[in-house]
Structures are given as C-alpha cells and as structure tokens.
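Subject: Structure handover

Hello,

Here is the structure for you to take over. My notes on it follow below.

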Amino acid sequence: MLHTLTITQAHAKLKKKDISSEELVRACIDRTEAVDKSINAIVHRSFDRALLEAKKIDEQGVTSHPLCGIPYFAKDVYCEEGVPTTACSNILRNKNYCPPFDSTTTKRLKAAGAISLGKTNTDEFTMGASTETSCYGVTRNPWDTTRVAGGSSGGSAAAVAADEAFFALATDTGGSIRQPAGYCGMTGIRPTYGRTSRYGVMSMASSLDTIGPICKNIEDLAIVLQAIAGKDTMDGTTSDTAVPDYHATLKNGVKGMKIGLPKEYFIDGMNSEVEGAVREAAKALVSLGATMHEISLPHTKYATPCYYVLCPCEVSSNMARYDGVRYGHTVENPADLLDYYVRVRSEGFGPEVKRRIMIGTYALSAGYFDAYYRQAQKIRTLIKQDFMEAYKKVDVIISPVSPTPAFKVGAHENDPVAMYLEDVFLDGQVMAGIPALSVNCGFSNDQLPIGLQIMGPQWGEETVLRAAYAYEQATEWHKQKPSL
Amino acid sequence: MTQLSADQVRHIAKLARLQISDSEVETYAKNLTAILGYIDQLQEVDTSGVEPTAQVTGTTNMLRSDEICTEKIPPESLLGCSALPINDDQIETPSAHG
C-alpha cells in the first residue's frame, strides 16, 4: 500500500532505507494500471523512463530533499524534453508533439530528485471546468465515476485522489487548480501571479495563468510549492520577492489570526450543504483561536464576466501560434498558405477553444476594444482594490470553492455560460493576482467532497498555508479515501 | 443585447483563421450571443477615472545579466517538430500566393 503514503511519509521511509524509490515508482505504476481505466486521469505514461530514473536515484542514495525519489504526474501542458505534451488537443496530438525542452517547473523538480511518471488529462488547452473538452475524453471523479473530476486540471486532481502519484502539477487561470482539487477532496494552491514560472507551460491567458501543485495534504503542498517557487530569468513576469521557508511557519497555528467572510460569497439560494460545511469550517478556525469578521468585496459579481472577456481575448492571441508550421497538426494539398492555416486550425481545435478564440477576436476587433478589453481591465483594477481594502482589516479570507459538489458528466453540455458560472467564487482572486488554495472541509450526503477556499494577500502564501494546515490538523476529512 | 447573425459569425471566424461549417454556424451564433449577453453586464460599471490593470503585481522591466545562454536548444531539434519539409534549416510552407 505504498501508493497511499503522503510525500512526507514516503520521504521518511526513503531516508531510513525502509523502501526504495523504485518501489515507490512501481507502486504508482501498479495503482495507475489498476484504477485509471475507471477515471481516465492519465493521458501519457513515461513509466520506463521513470523506473530508470528511480534506479539511478537509489544507486546515488536519496538526498535530504523531501521530493528526492518521489514520483508525480504533470498536467499535459508542461513541456518535458522528449515526452509527449499535447494540451489534450488534436492540434498537437495528431503529430504527437514532443517538446525539445523542459519547463522551468519540471526542471526544478528534476533537480530536487522528483520523478515524472507522465501527463494528466485536462480540458483542451486548459479551457473548461470539467475536463470534458479534452480530446482524450472526460476524467471521472474517483468519489463517484458518474460525476466530473472538475477542470481544467481534472486529471491531476483525480490522479492524486486515486493515489496514482504522490502529487501532480496543475495550472490555474480561472480556478483550474482549486475547483478540481475541491471536487476530488484534495488540496491545491494557486500562488500569487508571478510566484511560480510559466516558462515551458503552454499559455492560455498570459496575464492570468499560474502554476501550482495538487497534493494529498497541506504539508505536502508546502513542500512542492517551496521547490517550484521563485524568480526565473526565462519568465519576465516572475518576481524577485523572496520566497519564505514555508515549513518554518506552517505549524504556528491561527491564534489571533483575523479571518474575513465576504458577504457576497454567501448568496441566497446557494447549496445548503456547501454553505453549512464552510460555516462549520469557520467555527473550527475560531475554536483554534482565530477571529471571524464579515467583510465586503463589492465588485464580486463582475469577476466572472470580467474573466470571460480578458481570458478569451488573450486566448485569441495565444492560440495564433498554432498554425501548423512549427509544430502540430498538418493537412495535405492546401490551395495556399491561408487555406493551410484555416484547415489546420479548424481540424485541430475543438468547439470550446474555437468559441473562446472567436469571442476574443470579436472583442478585440476594431471598434470594440474599449468597450470590452479595456473596460474589463478597469474593472479588474476595482476588484483588486476591493481585496487590498479587505486585507487592511483581515489576514486571510475564506469562502466555498464551488457553488455545489461535483456535477454529473454532461450536465452542462451545450451551455457554455452554465459552465462559466462554475468559476463564480474563483475569478476574483485571479483578477487580484492573489494566492488561494482549496482544502477539503467535509462531504455532502452523497459522499462528495466539499472544498473550502482560503485566500491571502499578494505574496501571502505563507499565511494561507498556515491557516489551512491548522484547519486540516483539527479535522479528519483529508484522511478519507474514495473506494475505487 | 448583442445578437450575432450567422454572417457575423462567419466573418469573425474568418478573422480568426477558422472555418465554420454551415451546420455549425447556428450553434456558434447561439453560444456566442449567450456569452456576449453574459459579459455585457460589465457595461453597467462606472469606470471613469479608473486605470486599467495589465500587470497585476506591479512588476515592471526585469533585467538579466548580459551573458550568453549556453543551454540553447539545437535548431535541428526545434525544426524537427515541424510536419512540413525542411530546406537549408528553414521550414518550407505552402505558397502565400497559391
């Protein structure tokens, strides 16, 4: 049962030489082969390569780094040299794109001794909230396989929940780490914009994209974030703000911590099980010594519509590079270059990507720029100011991750706006560029996990992790496992 | 509310270098109109005097030291990713003039 260990537990056993890295890798491979057919979390397997690396690490002797010899999966948008990376899109899958370079994040993990097992399923180019737009088919929720695992990092969240690896890399542009982590009962963090490097990770919306992990518990989350955070000369938007030692303060508790409950996130008609679980979590934090304060974030209702202007505009620019020239899908006998571009893109992209490209193209076209993109950027300023005002009064803010527990596969078919509303609690943080994580705070009557969101000010990951750790230690939710 | 016609959808698709078949055009018109209807609520916010945010953390120019990068990816492995013919280290695309 090695696959059920946490990173911290596995590291302790490696250090004592009770187990080898090869055994850990084999345990994850066996587990994946046994259960992945029921959830479809994994889209590329690098198992032979992982076993070779594990043997090498075992021969060299495991170092003191807590990730040395620990296997993980990365979302299918993280470039790794020689490993298929397709963004779960036919435009890259049809030619089985294998990048000739590594992302900064997988490179940093490799330097720490972590071992990549392959790639996880995602909505096509991370555009979605259910992993249903993947060209490899939907990822199913390990807690109930008739339901989605969330998205876009549904594969990463489901893989960790099913114990297929000790952690997984994911990306969060408009909730794509927090929502699937919440739906699968795992924990995931969207760091401050620029805390982690985007180099070598396929872009969706460059002013909003962030890189972060999904883990089994908060202590592991702090370990992985520590290993990947910090300035990178290959990504000019990363900051040289010092990365604190997250572990040093993780266990300091929440005594005296001021926690805000934004009234705009607790709305009439919201799911009573979700509201109940989050309010219980607030009580638990108070019993640990924190104080609770009602706050207001007045522009909350505009965060999601704002996101669905900025995101598609940036998508329409970023997707322009997929033209069939340098990589990806190709077509035979084009009439001319324009015909080639049009056919490559029309065959290669799926419907949600096409929708976003077209909305973005429309919003950025002559005469509409000020009304859409510029207006959304101004509202982004107002949303950011709301949070900055709030953080003068409180240290962290809590809310639900999602309005409901995981929904049924196909529930939002052909209704893109209903799918966009999945993000209502997750886009304000994106607009403000602040860190936010999800941690399990209970289960619905149907035994589906419910996520608690904890958000901090920019660069405040340390405080967010500390609050989440105190809460997690006081509860038993994170110890429950789905039966697969 | 903004209502997109089938012709407008075809025009936007053309600008985006996409081709939408006749059988798809109605669905896209319906979906895109619904999305525009949803984002139209941004127009009700008074943003006079508000500066737009493009870079959310306030990071400006990040300078690096002027050193030659030695970890270059070899040109042949980048060119090797293309499905098109390679001539003299260049990708041969279809002609722009047919």
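Helices (H or I, at least four residues) and strands (E, at least two) are DSSP runs, numbered from the N terminus. This is a predicted model, in which local features need pLDDT of at least 70, side-chain atom pairs count only at pLDDT 80 or more, and totals for chains, interfaces and linings use all residues. Residues are numbered from 1 along each chain as its sequence is written, while chains are lettered from A and ligands numbered from 1 in the order in which they are written.

Sheet of chain A

Eleven strands of chain A make up an open sheet of mixed pairing, in the order 1-3-2-6-8-7-12-13-11-9-10; two strands pair if DSSP finds at least two bridges between them. Strand 1 (42-45) and strand 10 are its edge strands, each pairing on one side only. From one strand to the next the twist averages 30°, where axes are lines fitted to C-alpha atoms, for helices over the stretch in contact, and angles run from 0 to 180 degrees between N-to-C directions.

At one end of that order, strand 9 (residues 258-262) and strand 10 (residues 291-295) of chain A run parallel and are joined by five bridges. A:Gly260 has A:His293 in strand 10 as its bridge partner. Helix 10 of chain A lies across strand 9, strand 10, strand 11 (396-400), strand 12 (436-443) and strand 13 (449-455), and runs at about 150° to strand 11.

A residue is buried if 20 or more other C-beta atoms lie within 10 Å of its own, exposed if 12 or fewer, and partly exposed in between, with C-beta atoms placed from the backbone. In helix 5 (residues 104-112) of chain A, the buried residues include A:Thr104, A:Lys107 and A:Leu109. Their cover includes strand 2 (71-75), strand 3 (115-120), strand 6 (167-172), strand 8 (210-215) and helix 8 (218-228) of chain A. After helix 5 comes A:Gly113, with a positive phi near 100°.

Eight of the eight residues of helix 6 (residues 154-161) of chain A are buried, so this helix is largely enclosed by the rest of the structure. Just after helix 6, A:Asp163 has a positive phi of about 60°.

Chain B and the interface

Chain B has three helices and two strands, in the pattern α-α-α-β-β along the sequence. Its radius of gyration is 23 Å, whereas a compact globule of 98 residues would have one near 13 Å (taken over C-alpha atoms; the globule rule is 2.2 Å times the number of residues to the power 0.38). Of the 98 residues of chain B, 15% count as buried.

In chain A, 55 residues are in contact with 41 residues of chain B, contact meaning that C-beta atoms, placed from the backbone, lie within 7 Å. Helix 14 of chain A gives the largest share of the chain A side, ten residues. That side divides into 27 nonpolar, 18 polar and ten charged residues; Ala, Val, Leu, Ile, Met, Phe, Trp, Tyr, Cys and Pro count as nonpolar, Asp, Glu, Lys and Arg as charged, and the others, Gly among them, as polar.

Regards

Technical notes. Contact = placed C-beta atoms within 7 Å.
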